[in-house]
Amino acid sequence: MSTAADDAEVRARWQELVDAIDAARVAYYGHDAPTISDAEYDVLFAELTALEAEHPTLVTGDSPTQTVGGERAEMFEPVEHLERMLSLDNVFDTDELQAWFDRLARELGAVPELVCELKIDGLAVDAVYREGRLASLATRGDGRIGEDVTANVAWMTCVPVALHTHPDGPPLPEVLEVRGEVFFNLDDFAEINDHMLDLGRTPYANPRNAAAGTLRQRVDRRVAELDAARAAGSTRVSRLQAEADRAKDLLRRLRLVVHGLGRADGFAPTTLSDAYAAIESWGLPTAATTRLVDDQVAVRDYIESFAETRTGIAHDIDGVVVKVDSLALQGRLGATSRAPRWAIAYKYPPEVVRTRLLDIRVNVGRTGRVTPYGVMAPVKVSGTTVEMATLHNASEVKRKGVLIGDMVFLRKAGEIIPEILGPVVEVRDGSERAFVMPTHCPSCGTELRPEKEGDVDIRCPNARSCPAQLRERLFHIGSRSALDIEGLGWKAAGALLDDGLLTSEAGLFDLTAEDLLRSPFFTAADSTAGDVRLSENARKFLASLAAAKDRDLWRVLVALSIRHVGPTAARELARVFGSMVELRAADVEQLSAVEGVGAVIAAAFQEWFEVDWHVEIVDSWAAAGVRMADQRSSAPRHLEGLSVVVTGTLAGFTRDQATAALQDAGAKVTGSVSKRTGFVVVGENPGSKFDKAISLGVPVLDEAGLQVLLESGAEAAREVAQAPSGQ
């Protein structure tokens, strides 16, 4: 039995949650500048929902659980939506999704056909067409009344002003109201944030806020102000012109995807999928990734598929929306005060989170470059816990405006590299402090300096004996892109140096079991004999070290940490010259003539071999049995000059194997699709590169087609090029 004190405590917590959510909504919807991450908002909202479920008397009509977030700004005229725009309820795991399926089954007798769509991270809008012409474009607002942004359509290429009919499609309704998402592609979002940082402003936390900030501006007023200034001969004309041009350019870059139907007079589809087909036939953009599925397994497959490939999509997504396809069943299920019961949003783990920047430290890389990095309060992003993120250089720290102690927005770029987007300036309390770049190497004490005048990077010039650089170089030798030595990781590299087994890379291939027994890292106590023996990992390390002696020449070149020489340049150098002897004898002109090398890489290559201790490394490895020449391949290079993109998961190749096979045949393997791409090879879950290939008319090969390309050449491959079934 609850007491009055208990009830007061519950009500106080309810009010705290309501206030926090309302404040977050104002920042997010009203100012397009969130002060908390989406994940933090979801946690608050889930707690409020659970609290109200347990204490129903707390629920009021204006509770966040009963309302749609977003108020109309005063600078815009109000627009009343013809039909109410709702929000969506969220689920965060398969158990919660199953509970939604179970509710459908109880209400309808069985789970019906469903539509799966990607949940784009954008701004919800409502477009109304009368007699086929655009009457209004509005933001969602509070779900009933939004903001009239129709004037901005003059510069938006994504919103058709007039619709058209297709000979095989339905006629245009007298009144058509559609709902959609306005968004930026990721490349545009990155450029926008770079521009914000250049202006000294807080970057947008996500593409949705960038899209909202762009659409929710009065560009017509900017243009009018410019015209007035020009007529008056004002000195502000050039500045106003630049601002107006920038605003127009951003509006042109916005994209639109229609994902819902509001009011439609004279149009009565029976299913949502039929409605989408009609909407597309009238010239409105719909998503090519939308799928009609007939069971729960297919829904889960769709969710898992895009969870794996979401980083390959041109725009940000934060989940998948699942909807009942039958419009009659949608009507039967109805809606709550804020969300339909016939749809649910499955949210992926957050890609953007908020955390505290505890410190900024520096790391010394294998080429001596000194890089600041942020040390943060541990936070989970994209499924892993992150505590550190690079800040590139002192200029970047200053440009991003981050201070030690700041609350910052963090994202995982490509779900791999943690990146600090920028500070949450609004929550600073004055205790934050600026980062000061060190003047001396934290590892060896050598004075730091730029390599040449004007460089933004500073380096430790003590390349030979700086412990930090040496450790990084040893670690790099063992990496997959170099000699791929199992057991030569970060800790092992440190142990080899700290325990005196190595003083440079030169002695790496001379290491013996007796040497490793001198290091506790490589040993394990033998409980039966009472002595020390090599650990199993140490034995694997020695075996892998021996196998690495027979690696291809290009891998040896990469392992030497020659500035600018990565796998692509190394492959071409090894292919053309064939041996280390020939490479060392080549001059800059001969080196730079190699495709993909050029003058900068050629000069860096030759300069590296002019350093005596560098030559000692090569000579030592050669003496220890490392192969310094490739066997000349007789295989034809029949794909010379052909550009190929590989995407998705192949059954018979790893990505590296497919790349190597194509490069050996002369092809250039790139990461992006363009009109100059010769073929796109697709496996399972190919992502947006497949869609772009289709849109550009680039031939698409499945794995069998890749074999044809490798064995018979481009002409034969074009004959079998096709879009894989089911995509």
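How many of the 8 residues of strand S4 (residues 123-130) are buried? Select 123-130: 7 are buried, so strand S4 is largely enclosed by the rest of the structure. Buried here means under 20% relative accessible area, exposed means over 50%, and partly exposed is in between (1.4 Å probe, protein chains only). Helices (H or I, at least four residues) and strands (E, at least two) are DSSP runs, numbered from the N terminus.

Before moving on, note that this is a predicted model, in which local features need pLDDT of at least 70 and side-chain atom pairs count only at pLDDT 80 or more, while totals for chains, interfaces and linings use all residues. Residues are numbered from 1 along each chain as its sequence is written, and side-chain values use heavy atoms, with hydrogens and water left out.

**Stop 1**

Look for Arg130, whose bridge partner in S7 is Val175.

Most residues other than glycine have a negative phi.

**Stop 2: an open sheet**

Select S2, S11, S10, S3 and S9. These 5 strands form an open sheet in the order S2-S11-S10-S3-S9, with mixed pairing. Strand S2 (90-91) and S9 stand at the edges with a single partner strand each, so one side of each is left without a neighbour in the sheet. Strands of a sheet pair through backbone hydrogen bonds, either parallel or antiparallel.

Within this sheet, pick out strand S3 (residues 114-120) and strand S10 (residues 317-324). They run antiparallel and are joined by 7 bridges. Ile120 stands opposite Ile317 in S10.

**Stop 3: a charged patch**

Select Glu113, Asp294, Asp295, Asp301, Glu304 and Glu308, which gather in a patch of negative charge on the surface. A patch is made of residues with over 30% relative accessible area and no salt bridge, like charges being joined within 9 Å and nonpolar side chains (Val, Leu, Ile, Met, Phe, Trp, Tyr) within 5 Å. Asp294 lies in the loop between strand S9 (291-293) and helix H9 (296-309). Asp294 counts as exposed because its relative accessibility is 55%.

**Stop 4: salt bridges**

A salt bridge is a side-chain nitrogen of Lys or Arg within 4 Å of a carboxyl oxygen of Asp or Glu. By this rule the count comes to 25.

Select Arg263 and Asp265, which form a salt bridge with the closest N and O atoms 2.8 Å apart. Arg263 is partly exposed at 32%, and Asp265 is partly exposed at 27%.

Next, go to Glu451 and Arg563, whose side chains meet in a salt bridge of 2.9 Å, N to O. Glu451 is in the loop between strand S16 (417-423) and helix H12 (467-477), and Arg563 is in the loop between helix H16 (553-559) and helix H17 (567-577), so the pair ties together parts that are 112 residues apart in sequence.

Then select Arg627 and Asp550, where the salt bridge is 3.0 Å, N to O. Arg627 is in the loop between helix H21 (612-623) and strand S19 (643-647), and Asp550 is in the loop between helix H15 (536-548) and H16, so this pair ties together parts 77 residues apart in sequence. Arg627 counts as partly exposed at 25% relative accessibility, whereas Asp550 counts as exposed at 53%.

To finish this stop, select Asp188, Glu191, Arg246, Asp249 and Arg253, which are linked in a network of salt bridges.

**Stop 5: the loop between H16 and H17**

Which residues here have a positive phi? Ser561, in the loop between H16 and H17, has a positive phi of about 60 degrees although it is not a glycine. Ser561 counts as buried at 8% relative accessibility. His564 lies in the loop between H16 and H17 and has a positive phi near 75 degrees. His564 is partly exposed, with a relative accessible area of 48%.

Note on methods: Areas by Shrake-Rupley, 256 points an atom, 1.4 Å probe, with all protein chains shown as cover. Lys, Arg positive; Asp, Glu negative; His and termini not counted. Charge placed at Lys NZ, Arg CZ, Asp CG, Glu CD. Pairing = 2+ DSSP bridges.
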